[in-house]
Amino acid sequence: MSGDTTTLPKPGRIVSVNLSEKKTVRKTPGDRGTLVFDRGFEGDAHAGDWHRQVSLLAQESIDTMVAKGLDVGAGDFAENITTEGIDLTSLPIGTVLKVGEKAVLEVSQIGKVCHTKCAIYYQAGDCVMPREGIFVVVREPGDVAVGDAVEVLSLGDGTCDRCE
C-alpha cells in the first residue's frame, strides 16, 4: 500500500454519496455514508469480500453524458461516490486515497467490462462507467459526506493484493 508521493494530483471532493440495496440498479444519491473496513459502504448491495467494494465516477464524466443529451446525474451510473476536481482515470491501481477525515481507500480496478449493455448505453449509445469509473477497497473505515476531500496519499505501482 505504499507508492510514489513525488507528484500527487490536487485533491478533489465528494459531490454525492450513492447507495442501493440491490445490484444492477441506479443508486440513490445522498449526503453521507459509512465505509466499513474491507467491505464497502454499509447498506450497499456492492459491499462485500471482493475487489470492487466501492465505485467512484467523476461528475465531469457524468457531464459528458449530459452533453450527449442524457438526463442523468449522480448515482445513475451505479457509482457509490461521485467526485469533482480529481482525474480518477489517471490514478494507477494501488493508488491510496484519503476520503473525509478517516477513510482510506486503495484503487483496485480502473473501468470494467460491460457484459450486458445497461439502459444508459441503449439511450445514448455509450456509457462512461466502463471506461472512466474506478473501483476501490476500503483499507481504513470511516464516515464520508458531500463536500469531503478526496486526497491522493500515494500513487500506485499497478498492483493491489485485492486485484483480480
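The dialogue below treats a predicted model.

Q: How are strands seen to pair, and which strands does β1 join in the antiparallel sense?

A: The general idea is to look for bridges between two strands. Strand β1 covers residues 12-19. Four bridges link β1 to β6 (residues 81-84), and the two run antiparallel; here R13 stands opposite E84. With β2 (residues 28-30), β1 forms an antiparallel pair over three bridges, and N18 faces P29 there. Two bridges connect β1 with β11 (residues 149-154), again antiparallel, and G12 has V150 as its bridge partner in β11.

Q: What share of the residues counts as buried?

A: Burial is read from the accessible area of each residue. Of the 164 residues in the protein chain, 47% count as buried. The accessible surface of the chain comes to about 8000 Å², and carbon and sulfur atoms hold 49% of that surface.

Q: Which residues touch the most other members of the largest nonpolar core?

A: In soluble globular proteins, nonpolar side chains tend to be buried together. The largest nonpolar core in this model has 23 residues, of which L35, V54, L91, L97, V99 and V144 touch the most other members. Two or more residues of this core come from each of β1, β5, β7, β8, β9 and β11. Another core, of nine residues, lies apart from the largest one and includes L57, M65, V72 and F135.

Q: Is I14 buried or exposed, and why?

A: A residue counts as buried when its relative accessible area is under 20%. I14 has a relative accessible area of 0%, and therefore I14 is buried. This residue is located in strand β1.

Q: What does I14 touch, beyond residues up to four places away in sequence?

A: Contacts show which parts of a chain the fold brings together. Leaving aside residues up to four places away in sequence, I14 touches I81, T82, V99, V144, A145, V146, G147, D148 and V150. The C-alpha atoms of I14 and E84 are separated by 6.4 Å, although the two residues are 70 residues apart along the chain. For the protein chain, 72% of the contacts with a separation of 6 or more are between residues 24 or more positions apart.

Key: Residues are numbered from 1 along each chain as its sequence is written. This is a predicted model: local features need pLDDT of at least 70, side-chain atom pairs count only at pLDDT 80 or more; totals for chains, interfaces and linings use all residues. Side-chain values use heavy atoms; hydrogens and water are left out. Buried means under 20% relative accessible area, exposed over 50%, partly exposed in between (1.4 Å probe, protein chains only). Contact means heavy atoms within 4.5 Å. Two strands pair if DSSP finds at least two bridges between them. Accessible areas come from the Shrake-Rupley method with a 1.4 Å probe; for residues, only the protein chains shown count as cover. A nonpolar core is a set of buried Ala, Val, Leu, Ile, Met, Phe, Trp, Tyr and Cys residues joined through side-chain atoms within 4.5 Å.
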